[in-house]
Amino acid sequence: MRTVKEVSDMTGISVRTLHYYDEIGLLKPSVLSEAGYRLYDDKALETLQQILFFRELDLPLKQIKLILGNPALDKKQLLISQKRMLELKKERLERIIASIEDVLKGDNKMDFGVFSKSDMEQMYRHIESSMTDEQKEIFIKEYGSMEGFRDHFLDNASSEEAQKNLAKVVEWYGDKESAKNAALNPENSQIVEAYGKRLDQVTRKLAAKAGADVNSLEVKEIVGEMDFVSKQLYQMEDVTAFMLDMADKYVNNAQMQKGLDAVYGEGSTLFIGQALQNFYKSDK
């Protein structure tokens with residue numbers, strides 16, 4: 001067992017912060033001594049480590065508490081996702097530092113544009129290398145050859161509509177390199193499938209609240225959980241722009257409402273859109 005002071009010295013977290021984590025129920029001490037002092041065992045320290053990982057990803061404490069309180073939490077999968085998110089954060093910071101160095105040298109190479117033809121060719125090569133023989137046969141049958149499919153892919157990617165969509169993707173990911181990295185380095189398929197199922201579960205839980213006040217704590221907590229799962233699934237550090245775009249479609253696209261209502265319940269799509277708009281607009 002370790003005292004608050006010992007845990008503070010070990011982790012660099014202030015005693016005051018540890019007391020606050022106890023007060024809000026985020027990290028309770030393992031036991032209280034007869035004198036009333038907080039004591040922490042190794043399990044509590046593991047939880048603190050998880051909290052610190054999440055704080056590095058800039059997640060609010062209320063969301064961290066919600067995640068760690070999930071009885072279905074897969075710690076190994078969580079660590080894999082945290083590692084990936086921190087790697088993306090590290091890569092983004094390295095790009096920012098490199099850009100600042102270029103500016104200081106008088107050589108400003110900052111690029112926030114849409115994918116170039118060479119970018120799309122790189123993505124195509126990645127897509128083709130990931131295809132099974134059966135998938136290739138389908139495209140060969142459809143386009144005559146893989147070269148035919150390549151030409152079709154690149155022609156479509158250079159269209160005005162595709163470039164607008166790609167610009168939106170860049171906005172979601174924060175910069176072109178992050179969006180490109182997500183496309184070229186997708187998560188393990190099993191992890192993606194797991195997070196996809198989890199997102200569906202959270203969406204159903206939110207849909208079940210249709211008619212509730214979108215300002216209520218219970219609705220905001222579910223959207224907060226959706227925020228975390230979406231970050232993992234889409235490999236984004238911040239999903240605000242993405243979620244607000246989706247919310248706009250949920251609220252204003254009658255065809256989408258009809259399709260999703262058939263899955264999640266009548267009126268659920270509009271409610272989910274309004275809940276997302278309220279959560280992300282009020283969060284800024």
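What percentage of the 284 residues in the protein is buried? Buried residues, meaning those under 20% relative accessible area with a 1.4 Å probe and protein chains only, make up 36% of the 284.

Good morning, colleagues. What we have before us is a predicted model, in which local features need pLDDT of at least 70, side-chain atom pairs count only at pLDDT 80 or more, and totals for chains, interfaces and linings use all residues. Residues are numbered from 1 along each chain as its sequence is written, and side-chain values use heavy atoms, with hydrogens and water left out.

Let me begin with the overall picture. The protein has 15 helices and three strands; these are DSSP runs numbered from the N terminus, with helices being H or I of at least four residues and strands E of at least two. A contact means heavy atoms within 4.5 Å. Among contacts between residues at least 6 apart in sequence, 63% join residues at least 24 apart.

I turn now to helix α4, residues 61-68, and its partner α3, residues 42-56. Their axes come within 10 Å and cross at roughly 135°; axes are lines fitted to C-alpha atoms, for helices over the stretch in contact, and angles run from 0 to 180 degrees between N-to-C directions. The two helices are therefore oblique to each other, the term for angles that are not under 35 degrees (roughly parallel), over 145 (roughly antiparallel) or 65 to 115 (roughly perpendicular). On the α3 side, Thr47, Gln50, Ile51, Phe54 and Arg55 take part, and they meet Leu61, Ile64, Ile67 and Leu68 of α4. By class, this contact has six nonpolar, two polar and one charged residues. Here Ala, Val, Leu, Ile, Met, Phe, Trp, Tyr, Cys and Pro count as nonpolar, Asp, Glu, Lys and Arg as charged, and the others, Gly among them, as polar.

Helix α4 also packs with α12, at an angle of about 80° and with axes 10 Å apart. These helices are therefore roughly perpendicular to each other. From α4 come Gln63, Leu66 and Ile67, and from α12 come Glu221, Gly224, Glu225, Asp227 and Phe228. This contact has three nonpolar, two polar and three charged residues.

Finally, where does serine 230 lie? Serine 230 belongs to α12, which spans residues 217-234. Serine 230 is buried, with a relative accessible area of 1%. A polar atom of its side chain lies 2.8 Å from the backbone oxygen of methionine 226. Leaving aside residues up to four places away in sequence, serine 230 touches Leu199, Gln235, Val239 and Met243.

Thank you for your attention.

Methods:
Buried < 20%, exposed > 50% of the residue type's maximum accessible area, 1.4 Å probe, protein only. Polar contact = N/O pair within 3.5 Å; in protein donor to acceptor, adjacent residues only side chain to side chain.
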